Amino acid sequence: MVLSPRLVITIAYLVFTRWIAGAAIPDDAAVSDDSTVSAKNTIDVDVCVIGGGAAGTYAAIKSKDLKKTVVVVEQQDRLGGHTKTYIDPVSKKAVELGVAEWQDTPIVRSWFKRFDVPLYQYNFTIPGVTSKYADFTTGKPATPKEGDLLGAWNAFQKQVIKYPSIVNDLSDVPYPVPADLLLPFGEFITKYKLQDAVPYLSLYGQGWGNFVTLPTLLAIKYFPPFFFSPTQLSSGGPGALASKDNSLVYEKAQKELGEGVLLNSTVLSMDRSTPDLVKLIVKTPSGRKLIRAKKLISAIPPVIDNLKGFDLNATETPIFNKFKGHSWYVGLVQNSDIPDNITLINYGANNDRDFDIPVLPGFYDFFATVVPGLHYFLYGGNDTQPTFTQPQVRTALKDTLGRLSAAGTIPKNAGKDLNLIDFTSHSPYEVYVSSDEIAKGFYNKLFALQGQRNTYWTGAAFVTHSSAAIWNFTDQLVTRMWA
């Protein structure tokens, strides 16, 4: 069976500007030392949202719709997080470099209707484009093993539906945790003879590192019931929606929030010690700001490095210290010499130990686009290498194209005039904890933090990497927060 890959890719944090203007607050200023902050540099709101991706933008608009004042602190130069759209300057055609689709759910339709952004049935395929498999470690063409994909997929479904409470939501993990959910996903696959489903599962596991080592709980949470329709195994599947420009909904949200969005900004310090008050010092392009809010919503990946400006206490620190993230990168390349009608997919022909999934670190795919001459790639790290620089990935890109070219998979001397148009880091992606921590009640401890110290937490770490699931979770969270 020929697979048509679909995936949700993410967008990276861009380096924010370091230019400072106006009346400055020293970088090391304590939040409690706010007596010298001028009124023009002080922002008083009902809620401060940290992060302007899917979760943060939704939380801000939901709070605004509930007649609350809000400010969003976002370190990138735009809202949207994992959603990013490249508009070709010549053809004006859109190439989605982030979220490609949304599930057809009431909250998705409501969200887009809220901003008058039309939705259309999503179809991943591009007329005339076919998928070609190769082992990127050797460059040689590869042929995926034949198997009973549908049978394995149905067997996988029988296991997943045993745990309805964890699909797209980790707030109700059963304790004690069933032993199967603590298995490395590869052992779970072997136990239930799901090997023939791995080529399809691996397309959704991109960005998860060596996903067969991930605790099964964190792998199966990604698969809601609609995934198990037989037609889901074909391109697009049922219930998939997209707009002509997926970033447009975030652009409209940003316009509506207006001065309530602080872009290219980051939290320097925080004080949550006072009931019904959170104080933050935020670095912005126009100078340091003091934010005073009744409540705080954190909508960023909660790995400890992302929380450096937070005043974490003795309860929070041990929890967030447990989170680890995977590294994942996306780039848009011109003049790769990969034919415009070919999408290249990495198949680990010599990786029998891990079900022939791609060997990492390495490229998952080179996807054809609607713009001639452009392909976008996905590059992932393994479980031991945390980050890569753009020069490192660029070198790996040239080496990989060289192997593919030498093996005759793509034209000779491919990539000689390569132009890297866009490169972003998606890290940390698919943040996770170990099976041991899950067994010890990690998620009970995590969700017990909701509302403590005037703070609420949302994002993919609490549900899964699905905008629909994140919006649904955030909608309920914000509604309860203001009840």
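This is a predicted model: local features need pLDDT of at least 70, side-chain atom pairs count only at pLDDT 80 or more; totals for chains, interfaces and linings use all residues.
A residue counts as buried when its relative accessible area is under 20%.

**Strand β1 and its partners**

- β1 is joined to β13 by eight bridges, and these two strands run parallel.
- Within that pairing, V45 sits opposite A293 in β13.
- β1 also has four bridges to strand β2 (residues 70-73), again in a parallel arrangement.
- Here C48 is the one to look for, as it stands opposite V71 in β2.
- To get from β1 to β2, the chain passes through α1, and this β-α-β crossover is right-handed.

- R292 and D44 meet through their side chains in a salt bridge, with 2.7 Å from N to O.
- R292 belongs to strand β13 (residues 287-298) and D44 to strand β1 (residues 42-50), so this pair ties together parts of the chain that are 248 residues apart in sequence.
- How accessible is R292, in relative terms? Its value is 31%, so R292 counts as partly exposed.

**A sheet of three strands**

- What is the order of the strands in the open sheet of three? It goes β5-β9-β6, and the pairing is antiparallel.
- β5 (102-103) and β6 are the edge strands, each pairing on one side only.
- Two bridges connect β6 with strand β9 (residues 240-242), and the two run antiparallel.
- If you want a landmark, find Y120, which stands opposite A242 in β9.

**The loop around P118**

- P118 is found in the loop between α2 and β6 (120-121).
- With a relative accessible area of 45%, P118 is partly exposed.
- Which residues does P118 touch, once its neighbours within four places in sequence are left aside? P118 is in contact with A242 and S243. A242 is also the residue that Y120 faces in β9.
- P118 and V249 are 131 residues apart along the chain, yet their C-alpha atoms are separated by 9.6 Å.

- Another one brings together the side chains of D65 and R114, at 2.8 Å from N to O.
- D65 is in helix α1 (residues 54-65) and R114 is in helix α2 (residues 106-114), so the pair links parts that lie 49 residues apart in sequence.
- D65 is partly exposed, at 39% relative accessibility, and R114 is partly exposed too, with a relative accessible area of 30%.
- D311 forms a salt bridge with R272, and their closest N and O atoms are 2.7 Å apart.
- That pair links distant parts of the chain: D311 is in the loop between β13 and α9 (316-320), while R272 is in strand β11 (residues 266-274), 39 residues away.
- Are D311 and R272 buried or exposed? Both D311 and R272 are buried.
- Salt bridges with shared partners also join K64, D65, R114 and E256 into one network.

How values were computed: Residues are numbered from 1 along each chain as its sequence is written. Side-chain values use heavy atoms; hydrogens and water are left out. A salt bridge is a side-chain nitrogen of Lys or Arg within 4 Å of a carboxyl oxygen of Asp or Glu. Buried means under 20% relative accessible area, exposed over 50%, partly exposed in between (1.4 Å probe, protein chains only). Contact means heavy atoms within 4.5 Å. Two strands pair if DSSP finds at least two bridges between them. A crossover is right-handed if, with the strands pointing away from the viewer, the path from the first strand over the helix to the second runs clockwise.
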